[in-house]
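Student: I'd like to learn how to read a structure like this one. Can we go through it together, feature by feature?
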Amino acid sequence: MTLQIKSLKQYKKVYQESVDNPEQFWAEQAATFQWQKKWDKVLSWDFKKPDVKWFEGGKMNITENCLDRHLKDRADQTAILWEPNDPNAKTVKYSYQDLYEEVCRFGNALRAKGIKKGDRVCFYMPMVAELAIGVLACARIGAVHSVVFAGFSATALADRIKDASCKMVICSDYNARGAKNIPVKQVVDEAMLQGCTSVETVIVHKNTGGKVNWEPARDVWWSDAVYRRQKHCKPAAMSSEDMLFILYTSGSTGKPKGVVHTCGGYMVYTCFSFKNVFQYEKGDVYWCTADIGWITGHSYIVYGPLLAGATTMMFEGVPTYPDAGRFWQICEKHKVNQFYTAPTAIRALMAKGDEYVEKYDLSDLKVIGSVGEPINVEAWNWYNEKVGKGNAPIVDTWWQTETGGIMITPLPGITDTKPCYASYPMPGIQPILVDSQGVLVEGNDVEGLLCVKFPWPSMIRTTYGDHERCRQVYFSSFENMYFTGDGCRRDSEGRLRIIGRVDDVINVSGHRMGTAEVENAINEHPAVIESAVVGYPHDIKGQGIFAYIIAQEGTVGDAGFEKSIRDVVVKEIGPIAKPDKMLVVPGLPKTRSGKIMRRILRKIASGDASNLGDISTLLNPDVVAVIKEAAGV
């Protein structure tokens, strides 16, 4: 099985080996998997083009490693534990044998509908087990899956379908989410009217049984598609560098980028990172609360856990339904051992009060994780004390859609943890800091731009249909480096702290400040739930600091409140970081993955709200008009 690090001494030794001889290190990890044909060459790379190939010449199928190879020893073990939106509905368990058979049946259904190796299949589904089954079925037959979060608008969905020329769309009738039933099929129907001419078939999973419009020549029920299909499906022989999936991430220009991941390297890295970051042991129950519409769901709900033979949980609902104790009720019910969620969720639950977490038994938790954005000190401490009870180490993980897997993180019980610090690189990951000219920033207690100087197996290979865009965005800033787009601080002991996107760094009177740093300080104020800080043009300082603040109910955003905020910031950082302007707002414009859309906030702060770009894909587009009105623009 894949190497699992168990001590600090071993981590240091393994890390050094992975840097000194990366090809040998990754070849040893890859050798623990089932290959139809062994690779001819471990690695060839050129960041200038870019052109990266891992395990070239190797033939494999990722689902043989997720499913078939586990049947001998763990056929009856639960592979997927599905917890429905309705707390009174029954939990559904799929053993590895069940999952194998369902994936094979659906793989055969896809082939019967004309889906071939290399065809693109779009998924627009809620968090039901069929989404995981469908994704794996695509991988089984060599089709390329493109999962679009089932909360995006019809226009956003249509853009992604057209960009990838998808031949099929797979959706549900409705999405049960909290107290609502969201019409998913209706959104697909609207998208189909926007020029999605490549789509031949729409397969619909009956999730709620609600009424839907039907196109008999195009639409097929999931149950009809899989009816009488064989429970065995021959896995396609995939080259290591064949496309596994496309996942769209919003670009700074507004047009989504189709990040491409390939089969072999992604398989090796997601399993390795899963086993080490979460220290998963046989018999554990692991729960990542993300949606499979994001990279976190791909790597750490589906592929990583199943490759490692784990029991992985999927949750259909939301953390606040029927109340703010739902996450913790589920943790108690299933005796969850590893829990992985986003700071956005942690802060939202923290604001609801401690009573919702304190009533549940969380003693089975061994590891708690954070993903999606840097976690602020207050949220880190609450998570540590109230959820982890000081016994479950926090893994504050840094990575990206483009990296495929976790890159910088503490290893629980092995390396130390420090609030706000992602801390240490995973074995095989070689991060460096450079200045704006690309000159290496050496030593400790320094800041710079975070780059990676050597390839790793699960890294982005291209942006679908536009390789030049991939080169420009990630490889053109600095020679022979992958540029993450993030600023980073290295502390006196070598730990790494992400201080926000480079365009989220404010230069006030020549002092560079990460927005995350100022936000962390503001969030220390007892009346503040969340904040977002941006720079705006300032006649004297060059850039001023504008803070948007979500405050607790009843808080008045008057001069006294603003002074108390500034006092906290002065105490935490210093007078230079004091916000020049503040605005109390009911919410912040966020993407579906919880990232604040600062581009919009910067425009409003600068007094220009004339062209905010497409806001339809935001989690809460309505809040933009409210903020504009409050700002008087």
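Student: Leaving aside neighbours within four places in sequence, which residues is arginine 489 in contact with?

Tutor: Keep in mind that this is a predicted model. Arginine 489 is in contact with Tyr421, Val446, Glu447, Arg495, Leu496, Arg497, Ile499 and Glu517, once neighbours within four places are set aside. You'll find arginine 489 in strand S24, residues 482-490. Its side chain and that of glutamate 447 are joined by a polar contact of 2.4 Å.

Student: Is arginine 489 buried or exposed?

Tutor: Buried means under 20% relative accessible area. Arginine 489 has 18%, so it counts as buried.

Student: What about phenylalanine 55: where is it, and is it buried or exposed?

Tutor: Phenylalanine 55 sits in strand S2, residues 51-56. It is buried, because its relative accessible area is 0%. Leaving out neighbours within four places, its contacts include Trp26, Trp35, Trp39, Ser240 and Val268. For a sense of distance, take phenylalanine 55 and glutamate 101: they are 46 residues apart along the chain, and their C-alpha atoms are separated by 29 Å.

Student: Now the rings. How many aromatic pairs does a search of the whole structure find?

Tutor: That search finds 38 aromatic pairs. One of them is tryptophan 45 with phenylalanine 47, which is edge-to-face, with 4.8 Å centre to centre and 70 degrees between the planes. Tryptophan 45 is partly exposed at 34% relative accessibility, while phenylalanine 47 is buried at 1%.

Student: Why is the pair of phenylalanine 278 and tyrosine 340 edge-to-face?

Tutor: Look at the angle: planes over 60 degrees apart count as edge-to-face. The planes of phenylalanine 278 and tyrosine 340 are at 70 degrees, with the ring centres 4.8 Å apart, so the pair is edge-to-face. This pair links distant parts of the chain, since phenylalanine 278 is in helix H10 (residues 263-278) and tyrosine 340 is in strand S18 (residues 338-341), 62 residues apart. Both phenylalanine 278 and tyrosine 340 are buried.

Student: Which residues do ring pairs link into a cluster?

Tutor: The cluster is made of Trp45, Phe47, Phe454, Trp456, Tyr474, Phe475 and Tyr482.

Student: And which lysines lie over the face of a ring?

Tutor: Here are two cases. Lysine 206 lies over the face of tryptophan 221, 4.6 Å from the ring centre. Lysine 418 lies over the face of tyrosine 421, at 4.4 Å from the ring centre.

Student: How many residues does the largest nonpolar core have?

Tutor: It has 121 residues, and those with the most contacts inside it are Ile62, Phe106, Ile170, Phe278 and Tyr303. Setting aside residues up to four places away in sequence, tyrosine 303 touches Ile62, Cys66, Val135 and Leu136, among others. Apart from that core lies another, of 31 residues, among them Val148, Ala154, Leu157 and Tyr248.

Student: Let's turn to helices. Which residues are buried in helix H7?

Tutor: In H7, residues 154-164, the buried ones are Ala154, Ala156, Leu157, Ala158, Arg160, Ile161 and Ala164. These buried residues pack against strand S6 (120-124), strand S8 (168-172), helix H8 (184-192) and strand S14 (243-249). Serine 165 follows H7, and its phi is positive, near 50 degrees.

Student: How should I read strands?

Tutor: In a regular strand, side chains alternate between the two faces of the sheet. Here, strand S28 (residues 528-538) is mostly covered, with 8 of its 11 residues buried. S28 pairs with strand S29 (residues 542-551) in the antiparallel sense, over 10 bridges. Opposite serine 531 stands isoleucine 549 in S29.

Student: Where do I look for cis peptide bonds?

Tutor: One joins lysine 49 and proline 50, with omega about -15 degrees. Proline 50 is in the loop between strand S1 (41-46) and S2. The bond from tyrosine 321 to proline 322 is also cis, with omega near 0 degrees. Proline 322 lies in the loop between strand S17 (311-315) and helix H12 (326-334).

Student: And what is phi for arginine 228 and glutamine 279?

Tutor: Phi of arginine 228 is near 60 degrees, a positive value in a residue other than glycine. For glutamine 279, phi is near 50 degrees, positive as well. Arginine 228 is exposed, with a relative accessible area of 71%, whereas glutamine 279 is buried at 11%.

How values were computed: Residues are numbered from 1 along each chain as its sequence is written. This is a predicted model: local features need pLDDT of at least 70, side-chain atom pairs count only at pLDDT 80 or more; totals for chains, interfaces and linings use all residues. Side-chain values use heavy atoms; hydrogens and water are left out. Rings of Phe, Tyr and Trp (its six-membered ring) pair if their centres lie within 6.5 Å; planes under 30 degrees apart count as stacked, over 60 as edge-to-face and the rest as tilted. Buried means under 20% relative accessible area, exposed over 50%, partly exposed in between (1.4 Å probe, protein chains only). Helices (H or I, at least four residues) and strands (E, at least two) are DSSP runs, numbered from the N terminus. A charge sits over a ring if NZ of Lys or CZ of Arg is within 6 Å of the ring centre and within 35 degrees of the ring normal. Two strands pair if DSSP finds at least two bridges between them. A nonpolar core is a set of buried Ala, Val, Leu, Ile, Met, Phe, Trp, Tyr and Cys residues joined through side-chain atoms within 4.5 Å. Contact means heavy atoms within 4.5 Å. A polar contact is a pair of N or O atoms within 3.5 Å; within protein, one must be able to donate a hydrogen and the other to accept it, and residues adjacent in sequence count only if both atoms are side-chain atoms.
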